[in-house]
Amino acid sequence: MATSAQPLPEAISLPSFLPAPGDGPRETIEAIRNGLPAEALSWLKERLDLTAEELAGVVHVSRRTMSRRKKKGRLKPDESERVLRLIRLYRRAAEVLGGPEEATGWLREKNFALGGETPLQFADTEPGARRVERLLGQIEHGIPA
């Protein structure tokens, strides 16, 4: 487990269609308003080792809607915001925990500090995601949850 923020391993490089980690809020807001490319769903599904059903649940869209988005090629702004939130948490978990496999495992494992929910389940709302981020910060700095 890492004790301080480290640069992301190359294996975690984000796809070019996402705002870069150093971009300001303006770029992120524009990406959300314009809608992310639908391939963001596949990227997230693969990185978090999710089934289509699990992905639909964490992004709060039906599988049928996901299929429509893939055909149209673009997510709606609210869907884009939820996908970016999960990608942000995945990236942060990889920084704190030491890599992509560790991040995926941690995000999918039930956590006592989150009332027995997985961080992925808990992060289905913005306040929940913020709590997961705080928990990662506690882990990073060795503070008990």
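A crossing of two helices is called left-handed if the near helix is turned anticlockwise from the far one by less than a right angle, and right-handed if clockwise. With that in hand, let's look at this predicted model, where the crossing of H2 and H5 is left-handed.

Two packed helices are described by the angle between their axes and the distance between the axes. For helix H2 (residues 39-47) and helix H5 (residues 77-97), the axes cross at roughly 35° and come within 11 Å. On the H2 side, the contact is made by Ala40, Leu41, Trp43, Leu44 and Arg47, which meet Val83, Leu86, Ile87 and Tyr90 of H5. By type, the residues of this contact comprise 8 nonpolar, 1 charged and no polar.

Now for H2 itself. Its buried residues are Ala40, Leu41, Trp43 and Leu44. Viewed down the H2 axis, these buried residues lie within an arc of 165°, so they line one face of the helix. Their cover includes H5 together with helix H3 (52-59) and helix H4 (63-72).

Most residues other than glycine have a negative phi. Asp49, which follows H2, has a positive phi although it is not a glycine, and His60 likewise has a positive value without being glycine. Here they are side by side:

Key:
Residues numbered from 1 in each chain as written. Predicted model: local features only at pLDDT ≥ 70, side-chain atom pairs only at ≥ 80, totals over all residues. Heavy atoms only, no water. Axes fitted to C-alpha atoms, helices over the stretch in contact; angles between N-to-C directions. Helix = DSSP H or I, 4+ residues; strand = E, 2+ residues; numbered from the N terminus. Contact = heavy atoms within 4.5 Å. Nonpolar A, V, L, I, M, F, W, Y, C, P; charged D, E, K, R; others polar. Buried < 20%, exposed > 50% of the residue type's maximum accessible area, 1.4 Å probe, protein only. Arc of directions from axis to C-beta.
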